[in-house]
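Please open the model in your viewer and keep the selection panel at hand. The stops below go from the whole chain to single residues.

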Amino acid sequence: MLERRNAVEHWLQTEVAATYDAYKADLTKTKPLDEVWKRLEASMEKIDQEER
């Protein structure tokens with residue numbers, strides 16, 4: 001459980017933060033919500049697979 005929490009925290013601080021910064025820098029690069037959810041689910045699935 002701690003590994004997952006650490007992985008999610010790392011992901012939030014790196015990928016999510018970088019994505020937010022890019023979004024704020026250029027709003028024309030935004031993605032549709034359904035695409036974002038698919039990418040989020042894929043990222044979480046990858047973390048789950050790495051834990052097994």
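This is a predicted model: local features need pLDDT of at least 70, side-chain atom pairs count only at pLDDT 80 or more; totals for chains, interfaces and linings use all residues.

Residues are numbered from 1 along each chain as its sequence is written, and side-chain values use heavy atoms, with hydrogens and water left out.

**Whole chain.** Show the chain as a cartoon: it has 2 helices and 0 strands, where helices (H or I, at least four residues) and strands (E, at least two) are DSSP runs numbered from the N terminus. The C-alpha atoms fill a box of roughly 40 × 20 × 10 Å along the principal axes. The radius of gyration is 13 Å, whereas a compact globule of 52 residues would have one near 10 Å (taken over C-alpha atoms, with a globule rule of 2.2 Å times the number of residues to the power 0.38). Of the 52 residues, 4% count as buried, that is, under 20% relative accessible area, with exposed meaning over 50% and partly exposed in between (1.4 Å probe, protein chains only).

**Salt bridge.** Next select Arg4 and Asp48, whose closest N and O atoms are 1.9 Å apart in a salt bridge (a side-chain nitrogen of Lys or Arg within 4 Å of a carboxyl oxygen of Asp or Glu). Because Arg4 lies in helix H1 and Asp48 in helix H2, the pair ties together parts that are 44 residues apart in sequence. Arg4 is partly exposed, at a relative accessible area of 27%.

**Largest pocket.** Now select Glu15, Thr19, Lys31, Val36 and Arg39, which among the 15 lining residues are the closest to the centre of the largest pocket. A pocket here is an open set of points on a 1 Å grid where a 1.4 Å probe fits, with protein on both sides within 12 Å along at least five of seven lines, and lining residues have an atom within 4 Å of a point. About 610 Å³ of space lies in this pocket, and H1 (2-25) and H2 (33-51) each supply at least two lining residues, with the largest share, 7 residues, coming from H1.

**Second largest pocket.** Finally, select Ala7, His10, Trp11, Glu15, Ala42, Ser43, Lys46, Ile47 and Glu50, which line the second largest pocket. Its volume is about 160 Å³, and the largest share of its lining, 5 residues, comes from H2.

Technical notes: Grid points are joined across faces, edges and corners, and a volume is the space filled by probe spheres set on the points.
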